[in-house]
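Here's a quick briefing to read with the model open beside you. Take it a topic at a time.

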Amino acid sequence: MMHKKSDIVIGLTTFDNTMLRISVPAIGRIRQKFHLIIFNDNPTTTITRRQIRKLGYCGDLQVINSDENIGEFRARMEIVNAARNLQPNWFIFCDDDDILIDADIPNVSDDNFAVIQNAIVLRHRVSDLLRAMENPTDVCPDDENVILLRPHLGLAGTPVRASILFELLKIQEPATNAVSRIVSGLNFVPPIDAIMWNMVNMLAREKNPNAVPIYMNKVNYIKCDLDTPHIKYNRIRKPARNQDKYMRDIIDKCNQAFHEILAAAPSGQDD
C-alpha cells in the first residue's frame with residue numbers, strides 16, 4: 001500500500017494494547033505533522049484504525065498487526081521497513097506506556113544523526129501518570145518519584161535520521177539474532193532501548209566518521225517506570241541484585257556482537 005511522503009514517522013510499538021490509552025492521546029496532541037505507524041506485537045489481539053481514532057488520533061496512520069510475538073527490536077525494525085515508501089527524514093519511537101510530548105526537529109547539520117533531549121521518569125505514583133496524561137507540562141521532578149533525565153540517552157523519544165535506520169535494516173537479521181541469543185532466558189526486561197541506541201551510534205559513525213548527535217535542553221518524553229513490565233511481559237523490571245552490573249554486561253555483550261557484525265558486513269551493500 002502506497003502512502004504519501006511524510007518527513008517524520010513516529011513508530012509506536014505495543015504488546016498490552018490497553019497501554020495505548022496512555023500514548024495515543026498524547027501523540028494526538030502533537031502539533032507537528034508526521035505519520036504514525038503502530039506495530040501490535042501481540043498476536044492474540046487485533047488493533048483497528050477505528051480504535052486509534054477513538055483514542056484521539058486523527059492524522060496519517062498505519063496499523064500493523066503481527067501474527068507472532070517478535071519482540072521490541074524486531075517490531076521497531078518492522079516499522080522502519082513499513083516506512084520505506086514514505087521516504088521520511090526522521091524517525092521517533094515511542095513505547096505504548098510512555099508519553100511523547102512533541103516531534104520538533106531543529107534545523108541541524110547533516111552530520112547530526114540524532115537529536116538528544118531530556119526525559120522525565122515516573123517511578124512510583126499512579127497519580128503522577130494520571131497528571132502527565134492530562135497535561136504533560138504539569139509534571140515537576142522531585143528526585144524521588146519524578147526523575148529528570150538530562151540528557152536522555154535512549155532510542156525512545158529521540159529523533160533519529162531515517163537514513164541510519166534504513167542502514168540498520170540491511171543488517172537486521174544478524175543484529176536481532178545476536179541480541180536474541182544474549183537476552184533469551186532473562187527473567188527481567190532487557191535494555192533493548194539502550195542496545196538499539198548504541199547500535200545507531202556505532203552505525204552512524206561507521207558510515208560517517210564526523211557523525212554526532214546534537215543536544216536540545218528540553219523535555220520531550222515522559223517514561224512510565226511503574227510496574228508495566230510485569231503487566232505487559234510477566235517479567236520484573238530489573239534484576240533483584242546488582243542491577244547496573246547486569247544491565248551493563250548485557251549492553252557490552254550486544255555492543256561487541258554488533259561490532260563484529262559491522263566488521264563482517266560488506267561495505268556499500270545494496271538492498
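How many bridges join strand 1 to strand 4, and do they run parallel or antiparallel? Six bridges join the two strands, and they run parallel. Keep in mind that this is a predicted model, where local features need pLDDT of at least 70, side-chain atom pairs count only at pLDDT 80 or more, and totals for chains, interfaces and linings use all residues. Residues are numbered from 1 along each chain as its sequence is written, and side-chain values use heavy atoms, with hydrogens and water left out.

- Helices (H or I, at least four residues) and strands (E, at least two) are DSSP runs, numbered from the N terminus, and two strands pair if DSSP finds at least two bridges between them.
- Strand 4 covers residues 90-95, and six of its six residues are buried (under 20% relative accessible area; exposed is over 50%, partly exposed in between, using a 1.4 Å probe and protein chains only).
- In a regular strand, side chains alternate between the two faces of the sheet.
- Here both faces are covered, with W90, I92 and C94 buried on one side and F91, F93 and D95 buried on the other.

**T14, in strand 1**

- T14 belongs to strand 1 (residues 8-14).
- With a relative accessible area of 3%, T14 counts as buried.
- Setting aside neighbours within four places in sequence, T14 is in contact (heavy atoms within 4.5 Å) with L20, I38, F39, N40, D41, N42, I47 and D96.
- T14 and D41 are 27 residues apart in sequence, yet their C-alpha atoms are 5.9 Å apart in space.
- The T14 side chain makes a polar contact of 2.9 Å with the side chain of D96, and another of 3.4 Å with that of N17.
- A polar contact is a pair of N or O atoms within 3.5 Å; within protein, one must be able to donate a hydrogen and the other to accept it, and residues adjacent in sequence count only if both atoms are side-chain atoms.

**Helix 3 against helix 7**

- Helix 3 (residues 71-82) and helix 7 (residues 192-207) pack at an angle of about 50°, with their axes 9 Å apart.
- The contact is made by E72, F73, R76 and M77 of helix 3 and I192, D193, M196 and M199 of helix 7.

Definitions and conventions
Axes are lines fitted to C-alpha atoms, for helices over the stretch in contact, and angles run from 0 to 180 degrees between N-to-C directions.
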